[in-house]
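Subject: Handover of a structure

Dear colleague,

Please find the structure below, for your files. My notes on it come after.

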Amino acid sequence: MTRTILTTFLLFIGLTTFGQKKIDNKLTEEYQNIKGTKISLIPPKGFTDGLNFLGLQQSESGSSIMIIDIPGPYSEVSAGITKENLLSKGVETSKIENLIINGLPAIFVTGTQNAYGNIYTKLILAFGTDNETIMINGVYPENLKKIGDEIKKSMLTVYYEANKKINPFDALDYTIDVSETKLKFGKSMSNSLIFSVDGQVPTASSDKTNLIIAKSFSEITQEDKKLFSLNRLKQTPIEIGNIEYTNEITIDGISGYEIYAKGKNKKSGETENIYQVILFSDKLYYILFGTTNDETDKSIEEIKKAVKTFKRK
């Protein structure tokens with residue numbers, strides 16, 4: 001389950017390769033560390049900290065730079081970056097460059113995507129090590145070329161500190177307590193947390209119980225929140241068999257819906273019991289998504305116990 005969700009973050013790039021370029025960056029006073037990450041950049045003028053994601057944004061132009069840390073070797077991630085995957089997400093790639101950034105292999109992609117009736121340029125920089133891959137996504141309205149140039153310039157100032165100690169919880173606007181359950185913290189990705197029984201992502205345990213918590217990046221427009229929750233469940237890499245129940249729920253003063261369902265993993269065919277809670281707040285939402293291959297009620301009850309501890313800071 002977790003491996004498949006991570007793959008969702010990887011559906012990005014691919015096209016003709018151009019000449020390799022080397023970039024060597026050094027930290028200076030101009031640099032700003034992106035809170036909750038190992039990444040520092042020289043930010044474009046007028047950009048501030050991202051409100052609902054790890055990165056930078058300029059609200060008035062709808063432009064942003066988002067940092068995603070993927071727990072997987074760059075060699076594997078880059079091998080899965082194809083033009084077809086990008087097109088499946090509605091992004092048309094026009095250029096891809098091979099780079100070396102501070103000694104690490106990297107790719108830089110330029111493409112366009114239609115979103116909410118507008119055309120946006122997408123710039124994607126990916127690089128990494130044998131342990132993790134960093135993706136930096138720059139987005140801006142296609143007609144704002146000057147801002148786009150500033151975003152690209154900023155992205156290419158990237159400085160990665162592989163051994164930097166960070167507290168992934170500092171950059172989040174919520175907390176959750178799993179101390180009374182068998183779950184252990186595994187990994188943070190963007191504005192999400194992943195928990196498994198052994199603290200590994202993907203887990204090495206035969207017990208595949210896990211819990212993922214994330215906050216949405218963009219506002220939702222659908223007024224029927226129950227229908228939204230059901231449709232969100234169908235977007236997961238699980239073939240839903242039966243929805244056992246859908247109930248209204250309130251946690252930390254936020255209302256939403258809880259769904260308990262049974263299904264099978266589309267890739268492995270393994271039985272999955274699912275407990276999903278979506279809480280709606282200020283046109284955004286928090287999703288708490290737990291799955292287990294334990295066919296008894298025990299593991300689902302542990303997931304529920306953790307979910308009930310959710311609190312906004």
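The notes cover confidence, cavities, strands, aromatic pairs and some backbone details.

This is a predicted model, in which local features need pLDDT of at least 70 and side-chain atom pairs count only at pLDDT 80 or more, while totals for chains, interfaces and linings use all residues. Residues are numbered from 1 along each chain as its sequence is written, and side-chain values use heavy atoms, with hydrogens and water left out.

Confidence. The average pLDDT (the predictor's confidence in each residue, from 0 to 100) of the protein chain is 89, and 94% of the residues score at least 70. Helices and strands are named here as DSSP runs numbered from the N terminus (helices H or I, at least four residues; strands E, at least two). The mean is lowest in helix H1 (residues 2-9), at 42, and highest in strand E11 (residues 159-160), at 98. Residues 1-18 have pLDDT below 50, and in the model this stretch makes 57 contacts beyond near neighbours in sequence; a contact means heavy atoms within 4.5 Å.

Cavities. Two cavities of 30 Å³ or more were found in a search of the whole structure. A cavity is a set of points, on a 1 Å grid over the protein atoms alone, where a 1.4 Å probe fits but cannot get out; lining residues have an atom within 4 Å of a point. Grid points are joined across faces, edges and corners, and the volume is the space filled by probe spheres set on the points.

The largest cavity has a volume of about 70 Å³. Its lining includes Gly 36, Lys 38, Leu 54, Asp 69, Ser 188, Met 189 and Ser 190. Strand E6 (63-70) and strand E13 (184-189) are the elements that give two or more residues to this lining, and E6 gives the most, with three. By class, the lining has six nonpolar, four polar and two charged residues. Nonpolar means Ala, Val, Leu, Ile, Met, Phe, Trp, Tyr, Cys and Pro; charged means Asp, Glu, Lys and Arg; the others, Gly among them, count as polar.

The second largest cavity, of about 30 Å³, is lined by Gly 36, Leu 54, Pro 168, Ala 171, Leu 172, Ser 188 and Ser 190. Four of these are nonpolar, three polar and none charged.

Strands. Two strands pair if DSSP finds at least two bridges between them. An open sheet of three strands runs in the order E2-E3-E11, with antiparallel pairing; strand E2 (32-33) and E11 are its edges, each pairing on one side only. Two bridges join strand E3 (residues 39-41) to E11, with Tyr 159 of E11 as the bridge partner of Ser 40.

E13 and strand E14 (residues 192-196) run antiparallel, joined by five bridges. Met 189 stands opposite Ser 192 in E14. The two strands form a hairpin with two residues between them, and Ser 190 in the turn has a positive phi of about 55°.

Aromatic pairs. There are nine in the whole structure, counted where ring centres of Phe, Tyr or Trp (its six-membered ring) lie within 6.5 Å; planes under 30 degrees apart are stacked, over 60 edge-to-face, and the rest tilted. Phe 169 and Phe 185 form a tilted pair, 5.1 Å centre to centre with 50° between the planes. Phe 169 is in the loop between E11 and strand E12 (174-175) and Phe 185 is in E13, 16 residues apart.

Backbone. The peptide bond from Val 201 to Pro 202 is cis, with omega near 0°. Pro 202 lies in the loop between E14 and strand E15 (210-215). Asp 282 has a positive phi, near 55°, and lies in the loop between strand E18 (271-281) and strand E19 (284-292).

Regards

Definitions and conventions:
1 Å grid on protein atoms, 1.4 Å probe; cavity = no way out; pocket = protein on both sides within 12 Å on 5 of 7 lines; lining within 4 Å.
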